[in-house]
Amino acid sequence: MESLMNVPPLMWVLTLVGLTAIMVVDLAIIGRRPHEPSMKECGIAIGVFVSLAIIFGIGILVFAGPRFGAEFFAGYLTEYSLSMDNLFIFILIMSALKVPRHLQQFALMIGIMLALVFRGIFIALGAALVARFVWIFFVFGVFLIFTAIKLFLDYRKGEEEEAPENALLRWVKRVFPATDDYRETKLVVVENGKRLITPMLVVLVALGSTDVLFAVDSIPAIFGLTQEPYIVFTANVFALMGLRQLYFLLGGLLERLIYLSVGLSIILGFIGVKMLLEAMHGYGWDQRLGFNGEIPIWASLLVIVATLAITAIASLTVSRKRSEAESAEQPEAENRELAD
């Protein structure tokens, strides 16, 4: 079992208070003036959040050592890339439930707050399991490898993701009477003496319940990179902080990241193998087989950065070539129609 950081309770309290204050201020601004943010507004916000994450990671590197600093950056990059994949689902939910553009920012912010709560619960459970049972690494490792294979096979099949319609969402729609239209950010209204929910509450149920599914993938993945609960939690928080602005900034660009699922499958598969080797090392099986099963964190960070860079460059290059080919074919098709 790896040695952990000595994080005093006061540091936990200060971190929680600071991160909560940022989220509350952000939510208060949106709640008072819900709107569709401009590209400039999104760019500035993402720049601020990414800069805060980098500064925080450098702080860990300086005060806790290079190993924990590298673990934070590896975990942050992994969670951020998984969050980008989750944006596809967010877009589908917003589209399926016809959320007005100026209200989408509020819905996303509440969804992210719910995600933090659910991930906090999963992190606490994961940390307790990792601390007590070495065999849990086998379970996490096999699960991540299975998820990686499924991601890759879905990409090869060309299957399009659909907005999830889980049991909780169906129950809410069936049991509670709702208004036909949105009432800004209100979740419940009273009309003719009758209490009704609004579509915004349905949206939040959809986002919150799917956040649970997202946590099932992301929490085992980051525990494969670090077993330090403080790093696991803060990496998740910083990754989720920029998710709302990323939703509006990227827009159609997400569709151009055609190899994102492939890159994520490679990363998850690598972390899954790393966790299996970690479990073998915990039982001493690797030494009996004549090798060291521990993969250094710098190697993990290198694999993650290289995979994300190659995935992004390849995706944008191929997307640009396809777009140019389609643009070149369009005039030819129009000329053929005129000739006919």
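How many nonpolar, polar and charged residues does the lining of the largest cavity have? The legends below answer this for a predicted model, in which local features need pLDDT of at least 70, side-chain atom pairs count only at pLDDT 80 or more, and totals for chains, interfaces and linings use all residues. Residues are numbered from 1 along each chain as its sequence is written, and side-chain values use heavy atoms, with hydrogens and water left out.

**View 1. The largest cavity, with a volume of about 40 Å³.** A cavity is a set of points on a 1 Å grid over the protein atoms alone where a 1.4 Å probe fits but cannot get out. Grid points are joined across faces, edges and corners, and a volume is the space filled by probe spheres set on the points. The count is one cavity of 30 Å³ or more.

**View 2. The lining of the largest cavity.** Lining residues have an atom within 4 Å of a point; among them here are Asn-86, Phe-90, Arg-119, Asp-211 and Leu-243. Six are nonpolar (Ala, Val, Leu, Ile, Met, Phe, Trp, Tyr, Cys and Pro), two are charged (Asp, Glu, Lys and Arg) and two are polar (the others, Gly among them). Helix H4 gives the largest share, four residues.

**View 3. The second largest pocket, with a volume of about 370 Å³.** A pocket is an open set of points with protein on both sides within 12 Å along at least five of seven lines. Of its 16 lining residues, Leu-77, Tyr-80, Ser-81, Met-84 and Leu-308 are the closest to the centre. The lining has 14 nonpolar, two polar and no charged residues. Helices (DSSP runs of H or I, at least four residues, numbered from the N terminus) contribute as follows: H3 supplies the largest share, five residues.

Conventions. Helix = DSSP H or I, 4+ residues; strand = E, 2+ residues; numbered from the N terminus.
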